[in-house]
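Dear colleague,

Please find below the structure that I am handing over to you, together with its sequence. My notes on what was found in it follow directly after.

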Amino acid sequence: MNTGPEAREGASGPVAVQADRGGTDLVPTLLDGLRGTHPALVLLFGAQGDELAALNDALRPELPPGCVIAGCSSAGEIGPQGYASDSVVAIGFPARHFRAAALILPDLPALPVSAWMASLRQLARDFGHDPARRLFGLMLSDGLTGQEDVLVATLDAALPSVPVLGGSAGDGLDFQVTTLLAQGVVQSNVAVFLLVETDLAIHEVTFAHFSPTATRAVVTAAIPERRRILELNAEPAAAEYARLTGLPHTALTPSEFARFPLLLRMGSRHHVRAISAITDDGGLSLMSAIDTGTVLTLGRVDDMAQGFSDMLEALPGRPLMVLAFDCILRRLALERAGLSERISDLYRRHRVAGFNTYGEQHSGMHVNQTFVGLAFLAPDPPAPFPAPEGVDAA
C-alpha cells in the first residue's frame with residue numbers, strides 16, 4: 001500500500017495484506033506481504049478462535065524477534081480493496097518507524113479496575129517513551145462483555161496523556177463469541193491494550209453520519225449491567241421504538257436500527273447508543289451503556305459518503321495509511337443505501353485498513369455507528385535554519 005509520494009521520499013507507513021480466511025494460501029500470502037516491512041507490530045483482524053491461534057503460531061517463527069502480534073475476530077474487514085468479509089487482514093507496522101508493547105487486561109466481567117490501572121502504569125514505565133516521538137494507544141476489547149465504557153474510563157485515568165483509539169471485537173452478525181490475541185494467547189472476556197510509539201505524524205479521524213431529530217424518548221426502565229432498555233416512555237421498548245420510527249415491529253432488523261439510531265447528548269455532541277437486537281421480552285439490547293432516566297433522541301442518517309470524503313481530503317497530506325475501526329452498523333447502513341462500493345473506493349484511495357467493530361473507542365468514550373481512525377503521515381520536514389545575517393537563503 002506504500003506506493004505514494006511519501007513512500008518514495010523515504011517514510012514507510014504500515015502495510016496491509018489480505019487473504020481469504022479459509023484459503024490454503026492464507027499464511028504464505030500474509031507472510032509475502034509482511035516480510036518486507038520488518039514489522040515491530042502486526043495486527044490480525046478477521047480470524048476467530050482456533051484459527052487465530054493457528055495463524056499466530058504459523059506467523060510467529062517467520063517474523064522478526066520481538067515483533068508484537070495482536071488481533072481479534074471481527075464483524076467484517078477493511079483491506080487493500082475496501083470492505084471485505086470472510087477474510088483475514090494483517091497490518092504490519094515497520095520497526096523503522098514504530099515500537100510497540102502489548103498488555104492483556106483480563107477478566108472483563110469482574111472489572112478488576114485497580115489491577116488494570118497498576119498494570120497500565122507499569123507498562124508505561126517499562127516502555128520508556130522517547131519524548132521526540134509520538135505515543136498513542138490501541139485497544140481491542142471483547143465486544144460481547146459490555147465493559148468498554150469502564151475500560152476507556154480506566155485507560156483515560158491511568159494514562160491521561162496518551163490518546164487511545166480502538167474497536168470492539170466482533171462475530172459477524174451472530175453476537176455469540178468474540179476472541180482476541182496477544183502475547184501468544186487467544187482468549188475471550190479480555191481486552192488487549194497496545195502502547196505504540198512512532199516518528200510518523202499522526203492524525204485522529206472520526207466520522208458519524210447522523211444528526212438529531214426533534215423526537216425524544218425517556219428510558220423508563222432498564223437493566224444497566226446488561227445494556228438493555230425494558231421501557232421507553234413507559235411502553236415496551238421495542239414497540240415504542242417501532243412507533244417512533246414509523247416502522248412495523250416485524251421490520252426491526254440491524255439494517256433498520258442503523259438507519260434510525262438512538263442518540264445520547266453529552267455536552268454539545270450527540271453519540272449513538274446503537275441497538276443490536278430485540279430481546280425476547282420486547283426490550284432493546286444496546287451496544288453501549290444505558291440507564292433508567294436517560295433521555296434519548298431519535299437520529300436520522302445524513303450523507304454517508306460526501307462528508308466522509310471531505311474529512312479524508314482535509315488531512316494535511318496523503319496518508320501512508322489510516323488504521324480504521326468502523327462500526328458494523330455503519331457498514332450495514334452503507335450497504336442498504338447502495339454506497340458500500342463508493343466507500344470502498346475511498347478506502348482504497350486513502351489507504352484505509354482495519355475491521356468492522358461492535359463499538360468504537362476514542363477521546364475517552366465508547367461510541368457506536370462511528371468511523372474511528374488514525375492516519376499516519378510522513379513526518380513534518382525540519383524547519384530550515386535561518387540564514388546568517390547578510391546571506392540570502394537558498
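Which residue does the side chain of E148 meet in a salt bridge? The partner is R227, with an N to O distance of 2.6 Å. Please bear in mind that this is a predicted model. The two residues belong to distant parts of the chain, 79 residues apart: E148 lies in helix α5, while R227 sits in the loop between β14 (210–223) and β15 (228–232). R227 also forms a salt bridge with D149, and here the closest N and O atoms are 3.2 Å apart. In the structure as a whole, 16 salt bridges are found.

The domain assignment divides the protein into domain 1, made up of residues 15–207 and 305–377, and domain 2, residues 210–301. The C-alpha centres of the two domains are separated by 28 Å.

As to the interface itself, 17 residues of domain 1 are in contact with 19 residues of domain 2. Together the two domains bury about 1500 Å² between them, and 57% of this area is on carbon and sulfur atoms. On the side of domain 1, the residues that lose the most area to domain 2 are R336, N368 and Q369, which together account for 35% of what that side buries.

Polar interactions also cross this boundary. Between domain 1 and domain 2 there are 3 salt bridges, and the count of residue pairs in polar contact, with both residues at pLDDT 80 or more, is 10. Three elements each supply at least two residues of the domain 1 side that touches domain 2: α5 (148–158), α9 (328–336) and β25 (365–367). Of that side, α9 provides the largest share, with 4 residues. By residue class, the domain 1 side comprises 7 nonpolar, 7 polar and 3 charged residues.

One further feature deserves mention, a hairpin formed by β17 and β18. Strand β17 covers residues 262–266 and strand β18 residues 269–272, and the two pair in the antiparallel sense over 4 bridges. Within this pairing, R265 stands opposite H270 in β18. The strands have 2 residues between them, and G267, in the turn, has a positive phi of about 65°.

With kind regards

Conventions. Residues numbered from 1 in each chain as written. Predicted model: local features only at pLDDT ≥ 70, side-chain atom pairs only at ≥ 80, totals over all residues. Heavy atoms only, no water. Domains from an automatic or database assignment. Contact = heavy atoms within 4.5 Å. Buried area = accessible area lost by both parts, 1.4 Å probe. Salt bridge = Lys/Arg side-chain N within 4 Å of Asp/Glu carboxyl O. Polar contact = N/O pair within 3.5 Å; in protein donor to acceptor, adjacent residues only side chain to side chain. Nonpolar A, V, L, I, M, F, W, Y, C, P; charged D, E, K, R; others polar. Pairing = 2+ DSSP bridges.
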